[in-house]
Structures are given as C-alpha cells and as structure tokens.
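I set out to record the pockets, the cavity and the sheet of this model. The entries follow in the order in which I looked things up.

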Amino acid sequence: MCGAYAEAMKGLVAVDLDGTLLDSSGKVSPRNIKAFCDLRDAGYKVVPATGRSWRESRRVFEVINATGMAVTSGGSVLSDAATGKTIERIVIDPALVRRLTLALLERGLLAHLLRDHDSSCHDYCLVGTGQVNPATEWWLKAHEVDVRRVDTVDDLEKLGFDHVLRVGAVESGEVLAPVCAAMREQFHGHANMQSWSAVTSNSAIGSETHLLEIYCVGTDKWTMIQRLRDRHGLSNDQVFAIGDGLNDLIMVREAGVGIAMQNAHAELRPLAKHIAPHHHDDGFAHVVEHILSGALSAQSVRSAV
C-alpha cells in the first residue's frame, strides 16, 4: 500500500503494462510495485497507459493500488482505475464499424469488436464463423471478459454497431501483415490501424501470433495523456512516457521524456530519449530511481544530445 501523496504534483508518468511494467509472466514484481508507490508518494501522477481494456487490466490495477485515471483500450478510453467508470472515450462511427467488420470477414478473418463496457452489456463481440484463435481463447478466459458471438454482420445488427472502441483480428503475423497493408489503403484517412505481436499464454513479447487493431483516426495513448497533462496544468517537460510496443510509439516520441524498454520494438527505440533495462529485469524500477534522483529529466536528456 502506498503512503500519503505529496501535495504538489511534480509531473505525470505514463507507463505501459505488457512488456513494460509487467514481467515475462505477466506479473508486477515487488520491486516495480514499490517503485510505482514511491513515484506517487514523491508527488508524481502515475498513469497506467495500456492497450488492454479496463476489465483486462483490473487485476494489475489492484496489485499496484492504482487510483485516479488510467488510459485504457489503446487510448480510446480514459478510465477511473479503481472503478472502471469511463470518464472520456473515442468510439468508431457505427457506419465505419460495419464497413470494417465486413472487410475483415471478406478476408476470411474473425472480427473482434471491443466495446465500452460502461455503455454495453458485453466487452467483446466476435463476428464470423471461423475458429477462435487459441491465443484469443486463452486471453478471454484468463481475464474473465464478457463475450458475445454472432455469425454475420446481419446478426450483429441486433446488437448494434455503437459503443465500439476498436475493431480487430488475431492471427499469425504472416496472415495479418498483408491484410493490414490492404486495409490501410482501403480505409486511408478514416481509421488508424497496426499489426503487431500479441501477448499469449507463453509469450509476453515477440509472439508469432499478431493483433490487427483498428481505431478511430486520432486515437492513441498520447491523445488521452495530453488531455490529462492539460487538465493538471503541466508542461510537456513534466511528462514521462515509458513503453515497448508500437502502440507506445507516439507517446514515447511526443512526451518531454520518452523512454523505451530494452525489449522495445525496433521502430520505437530510436525515438526514445532514454533506454531502460529489459522488462524482466525491472526496467520500470530503474527508470523510477533515475527520475526520483533527478538523473532523468527533460533537461538531462536535452543536455545529453
């Protein structure tokens, strides 16, 4: 349990979960838990920023005693970390949800629709007749999320196309890469999308199973982090962003102090102002120690350039 908060906010620290705060087994190490608490007690606002929905994150939030805001569902939702209440959200236009779902079905994929749980009776709707990927089966069962399954877009009409935060698919990287490229061209200017390695039951990073994630244009973790920064009257120099994946790219690039884990995606590392140790070596705790000592700041990274 963390102690009392310092009165003056010194800055905002946005931290990714998988591949960053979490170790290779998907747990938060005692050292990282202590670092999270130390940072808050020193007067920093610590904001989990994850591609997971709140329900998929809630056990982690309990372990780290997360309070205040969390950036969830890839930046499409600003959630109350303790209760899961949606504070702000960015949903995909229903007509676009329909078109995206049809495009995935036409390419032989099972469409995964993530909804805002605060406004919907379920978390995910799986659309299509294809087999559910084993990684998806494991993930949904492990995190106890509420799922609906329908065969066609016509069946989906009964549930509606509203409250959808993300449309996606799960398959091998070699299958999803060309699909992602084709759909980027098809929906250029109408949606943001990326294909990258998924967390599976035996791989926290680097899995051959990939996610295709599609969001509304302008939706990413940095979108919500900026809103929190401005809400608290902070300068960008007071914002630290720590991550490892493609969905961390913009926040690491744009934050006053962008930090990549040693295990970060190859596209992310060159954009970071500091490289932390590997996530299974408590790289987050290393970063916190450097922030609290003053060794890591916007001024220190600028002077090192």
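**Entry 1: second largest pocket.** I looked up the second largest pocket and found about 460 Å³ of space in it. My search ran on a 1 Å grid over the protein atoms alone: a pocket is an open set of points with protein on both sides within 12 Å along at least five of seven lines, a cavity is a set of points where a 1.4 Å probe fits but cannot get out, and lining residues have an atom within 4 Å of a point. I joined grid points across faces, edges and corners, and a volume is the space filled by probe spheres set on the points. The second largest pocket has 25 lining residues, and those nearest its centre are Ser-25, Gly-26, Lys-27, Arg-52 and His-143. At least two lining residues come from each of α1, α3 (54–63) and α5, and α3 gives the largest share, 5 residues. I took helices (H or I, at least four residues) and strands (E, at least two) as DSSP runs, numbered from the N terminus. I sorted this lining into 9 nonpolar, 10 polar and 6 charged residues. Here Ala, Val, Leu, Ile, Met, Phe, Trp, Tyr, Cys and Pro count as nonpolar, Asp, Glu, Lys and Arg as charged, and the others, Gly among them, as polar.

**Entry 2: basis of the values.** I note that this is a predicted model, in which local features need pLDDT of at least 70 and side-chain atom pairs count only at pLDDT 80 or more, while totals for chains, interfaces and linings use all residues. Residues are numbered from 1 along each chain as its sequence is written, and side-chain values use heavy atoms, with hydrogens and water left out.

**Entry 3: largest pocket.** I then turned to the largest pocket, which holds about 650 Å³ of space. Its lining has 34 residues, with Ser-197, Ala-198, Val-199, Leu-211 and Glu-213 closest to the centre. Two or more lining residues come from each of α1 (17–21), β7 (124–127), α5 (134–143), β9 (164–172), β10 (191–197) and β11 (209–216). By class I recorded 15 nonpolar, 12 polar and 7 charged residues.

**Entry 4: cavity.** How many cavities of 30 Å³ or more are there? I counted 1. The largest cavity has a volume of about 60 Å³. Among its 13 lining residues, Ser-53, Trp-54, Ser-73, His-117 and Leu-165 lie nearest the centre. β4 (77–80) and β6 (111–115) each supply at least two of the lining residues. The lining divides into 4 nonpolar, 6 polar and 3 charged residues.

**Entry 5: sheet.** I traced an open sheet of 5 strands with parallel pairing, in the order β2-β1-β12-β13-β14. Two strands pair if DSSP finds at least two bridges between them. The edge strands, each pairing on one side only, are β2 (44–48) and β14 (274–276). From one strand to the next the twist averages 20 degrees. Angles run from 0 to 180 degrees between N-to-C directions, with axes as lines fitted to C-alpha atoms, for helices over the stretch in contact. Helix α8 (residues 221–231) packs on the sheet and touches β1, β2 and β12 (239–243), at about 160 degrees to the direction of β1. Contact means heavy atoms within 4.5 Å. β1 (residues 11–15) pairs with β2 over 5 bridges, and Val-15 has Pro-48 in β2 as its bridge partner.

**Entry 6: Gly-233.** I placed Gly-233 in the loop between α8 and β12. Gly-233 counts as exposed because its relative accessibility is 62%, where exposed is over 50%, buried under 20% and partly exposed in between (1.4 Å probe, protein chains only). Its C-alpha atom is 9.9 Å from that of Gly-11, 222 residues apart along the chain.
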